[in-house]
Amino acid sequence: MSAQFVQFLLTGLTVGAIYALVALGFSIIYNASQVINFAQGEFVMIGGMATVWFAAAGVPYAAAIPLAVAAAAAVGLALEKFAVEPARGASVVTLIIITIGASIFLRGLATLIWDKQLHVLKPFSGDTPIVLGGATLLPQSLWVLGVSLAIVLALAWFFGRTLLGKAMLATSNNRLAAQLAGIRVRHVLALAFALSAALGAIAGILIAPIAFTSYDVGVMLGLKGFAAAILGGMGSGAGAVVGGIVLGIAETMSAGYISSAYKDAIALLAMLAVLFFLPSGLLGRRGTERV
Amino acid sequence: MLEVEGLACRYGRIPALKGIDLRVAQGELVSLVGANGAGKTTLLRALSGVLPTWAGQVRFEGADITALAPERRVRLGIVQVPEGRQVFGPLTVEDNLRLGGYLRRRAEAGRALERVYAMFPVLRGKRSEPAGTLSGGQQQMLAIGRGLMAAPRLLLLDEPSMGLAPRLVEEIFACVRSLKAEATTIFLVDQNARAALAIADRAYVLETGRVVLEGSGHDLLSNDQVREAYLGL
């Protein structure tokens, strides 16, 4: 393996981990409500921008980051309560258009509260690169990979081991039966939006020291996360992670070996290819249920 | 225990129930028979609160519950085993059962789980398998077991024998009888009118959203109208 290849691989993993977090957000909301939330990218933006804002006001990272995540979760709850919930019973397409509207609104709001400048967040643990097999790795990349891994494990535990997590899965599988079992499906929906928003915000905070942040950073990251979710299979948690990683690596490799001009096209090509040839994605649900 | 007065429901502008009056007393097994589309499932969904009530009143143990949310009714002990079983297919058998006890304390739910496994030993053997892979009869047992996990005081059973082989139908009705023997109050809807009437203390006949007949199960079984319309005699 050449040092160059290792370099691309490490960069790809870092970017992929961010895509995976955004894709998980898409999947959680999709599972709970069948809605594809195109405001997912704005949660990423809010995470990064709010942290920059709090940090500029002198709040230490240890407090600024939880505050920014909480702010994004609150926006997620508000989105559910004031935009999605009132339209309950509307078609899924209508709900998706509502989320597109919400994303435009949130971007506009961000330019009012903050500005249209690019901002950079200071790396969490300095910027002395770590040399690894001829390639270099920023300490921030370790943060990205470590936190992403911890989140994936925490989500696996939540959905696999806790009754609340299983109640969320049950609600997405059969809303009527969930109601009859005494599960408050509206709370499940609200929880899904808050959780997705928090995941998006964490992704936005982790990547901000590497890739800058601004009011419109969510457009591209949201799109990439969406592509990753489609690639892995919309609604599948493992699929979102695999889709994110695969997409991140594919993108970095093509940028390195072919041309960085086509980097963003890779995500869209991958998404189209999946939709044409494997509509349920790499790890999506295939019909195995007896009815 | 349950009193329904003038209950009306609509799907959009289309009336599905046009003023239902009925009651179920503590410890009774009351059956509801009627043709497809008569409104049987609609009535049960309104009783569980998953369908909004258009007019009328539902009282449970004297308290007005007409506007109560579904989970509050479950907490009161009004538990429904829905038509078509509606198990959580991708989740395991045991997860399905545990979700049935979602509102109960962990220790209580654990004891209830043991009772359900004692009642349906086949479920214990399949506890780690996805519910979607069970046979129809096993899914029905699972659906009933999930309902029992919620500690029902009034159990609403919607078409428990639908689509099952005769031997399994017999098994399900035996299970309903044993629940009645344990003093669970049961409101049963079944297309198998003969069996549903034979097992009932009292019964109602529903036609196009109205109660057209009521009486003891025995009386309705020998009623000429019922014999002709629902028993094919």
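Analyst: Two strands pair if DSSP finds at least two bridges between them; strands (E, at least two residues) and helices (H or I, at least four) are DSSP runs, numbered from the N terminus. Ser31(B), for example, stands opposite Leu188(B) in β8(B). This is a predicted model, in which local features need pLDDT of at least 70 and side-chain atom pairs count only at pLDDT 80 or more, while totals for chains, interfaces and linings use all residues. Residues are numbered from 1 along each chain as its sequence is written, and side-chain values use heavy atoms, with hydrogens and water left out.

User: How do you know that β3 and β8 of chain B pair?

Analyst: The strands β3 (residues 29-34) and β8 (residues 185-189) of chain B run parallel and are joined by 4 bridges; at least two are required, so they pair.

User: What makes β6 and β10 of chain B edge strands?

Analyst: In the open sheet, of order β6-β7-β8-β3-β9-β10 in chain B, β6 and β10 each pair on one side only.

User: Why is α1(A) called roughly parallel to α5(A)?

Analyst: The axes of α1 (residues 3-33) and α5 (residues 139-161) of chain A cross at roughly 30°, with axes being lines fitted to C-alpha atoms, for helices over the stretch in contact, and angles running from 0 to 180 degrees between N-to-C directions. Angles under 35 degrees count as roughly parallel, over 145 as roughly antiparallel, 65 to 115 as roughly perpendicular and the rest as oblique; therefore α1(A) is roughly parallel to α5(A).

Methods:
Chains are lettered from A and ligands numbered from 1 in the order in which they are written.
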